[in-house]
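User: I would like to go through this model with you in questions and answers, starting from a helix and moving on to charged residues, aromatic rings and backbone geometry.

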Amino acid sequence: MQKLNEGAPACRSNNMINCGMAKSASAGPDGILVDEERMREIIEFTARTLKTARPVPFGALVVNTRTGKRLMRATNAVLRESDPSAHAETRTVRLACKKLKRPSLAGFTMYSTCEPCPMCMADALWARLDRVVFGATIEDANRYCLQIHIGAKEVAQRSDMPCIVDGPVLRDLCNKLFTHPNMQKAFRAWSTSKSYSVKS
């Protein structure tokens, strides 16, 4: 299980994807530079999987909306856990709620390397997240794996639970997680890959 080790550096010089994280002291808590810094952190965390036997391009991070304090992060574990619902966002919500010992993440924001699918966005809404910020889009992900073509903003707009959805943020950098050679090789084995035959 991959989760946050508080205080651990997010970017290191020997990583495969250079996220170029820089401090953004001039940006306010809701500023775009802060969003980019947090997105770089989850991109870097997710990129670590590219060195493993089961790379994934999907990662999510939950932070306190007001203070920016990191609560939890996780990557997609569908294959590792043999669970089609083990998307990065649902795992991060589940782990964050367990850590807080409550089913609500009101007062928190999620950053995701890819636009949440309807399942993940619904989970974010039920968790009462204040805000969801994504990198790559559903359309970007659909170049490589099957998707449900309902955007996160549309899911949020049809909900009784308020949640701001922003993105894409650092879309090109997030897309590098999908186009990395190790990820391209792994996609060919995924049952949800565009190249996988669903017919018997």
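Predicted model: local features only at pLDDT ≥ 70, side-chain atom pairs only at ≥ 80, totals over all residues.

User: How far does helix α1 reach from its first C-alpha to its last, and what span is expected for its residues?

Analyst: Helix α1 covers residues 32-47, which gives it 16 residues. At 1.5 Å a residue the expected span is 22 Å, and the reach from the first C-alpha to the last is close to that figure, being itself 22 Å.

User: How many of the residues of α1 are buried, and which elements are included in what covers them?

Analyst: Helix α1 is mostly covered, with 12 of its 16 residues buried. Among these buried residues are V34, M39, I42, I43 and F45, and the charged D35, R38, R40, E41 and E44 are buried as well. The covering elements include the strands β1 (59-64), β2 (70-75), β3 (108-114) and β4 (131-136), together with the helix α7 (171-179).

User: Which side chain of opposite charge is nearest to E115, and at what distance?

Analyst: E115 sits in the loop between β3 and α4 (118-126), and it is buried. A salt bridge would need a side-chain nitrogen of Lys or Arg within 4 Å of a carboxyl oxygen, and E115 has no such bridge. The nearest side chain of opposite charge belongs to K153, at 7.4 Å.

User: Which backbone nitrogen lies 2.9 Å from a polar atom of the E115 side chain?

Analyst: Beyond its neighbours within four places in sequence, E115 is in contact with a set of residues that includes E89, F134, T137, G151 and A152. Of these contacts, one also involves a polar atom of the E115 side chain, which lies 2.9 Å from the backbone nitrogen of A152.

User: Where is G151 found, and what separates its C-alpha atom from that of E115?

Analyst: G151 belongs to the loop between α5 (138-141) and α6 (152-157), and because its relative accessible area is 24%, it is classed as partly exposed. Not counting residues up to four places away in sequence, G151 touches E115 and I138. Although G151 and E115 are 36 residues apart along the chain, their C-alpha atoms are separated by 7.6 Å.

User: Which side chain of opposite charge is nearest to E89, and how far away is it?

Analyst: E89 is found in helix α3, where it is buried yet has no salt bridge. Its contacts, leaving aside neighbours within four places in sequence, include A60, M110, C114, E115 and D123. The nearest side chain of opposite charge is that of R91, 9.8 Å away.

User: How many aromatic pairs does a search of the whole structure find, and why is the pair of F178 and F187 stacked?

Analyst: The search of the whole structure finds 6 aromatic pairs. In the pair of F178 and F187 the ring centres are 6.2 Å apart, and planes under 30 degrees apart count as stacked. Both F178 and F187 are buried, and their pair is stacked because the angle between the planes is 15°.

User: What are the centre distance and plane angle of the pair F187 and W190, and which residues are linked into a cluster by ring pairs?

Analyst: F187 and W190 form an edge-to-face pair, with 5.0 Å centre to centre and 75° between the planes. F187 counts as buried because its relative accessibility is 3%, and W190 counts as buried because its value is 9%. The cluster linked by ring pairs consists of F58, Y144, F178, F187 and W190.

User: Which peptide bond is cis, with omega near 5°?

Analyst: The place to look is the loop between β5 (164-166) and α7, where P168 is located. The cis bond with omega near 5° runs from G167 to P168.

User: Is K101 buried or exposed, and is L170 buried or exposed?

Analyst: K101, in the loop between α3 (88-100) and β3, has a positive phi of about 60° although it is not a glycine. L170, in the loop between β5 and α7, is likewise not a glycine and has a positive phi of about 55°. Because its relative accessibility is 74%, K101 counts as exposed, whereas L170, at 19%, counts as buried.

How values were computed. Residues numbered from 1 in each chain as written. Heavy atoms only, no water. Helix = DSSP H or I, 4+ residues; strand = E, 2+ residues; numbered from the N terminus. Expected span 1.5 Å × (residues − 1). Buried < 20%, exposed > 50% of the residue type's maximum accessible area, 1.4 Å probe, protein only. Contact = heavy atoms within 4.5 Å. Lys, Arg positive; Asp, Glu negative; His and termini not counted. Polar contact = N/O pair within 3.5 Å; in protein donor to acceptor, adjacent residues only side chain to side chain. Phe/Tyr/Trp six-rings, centres within 6.5 Å; stacked < 30°, edge-to-face > 60°.
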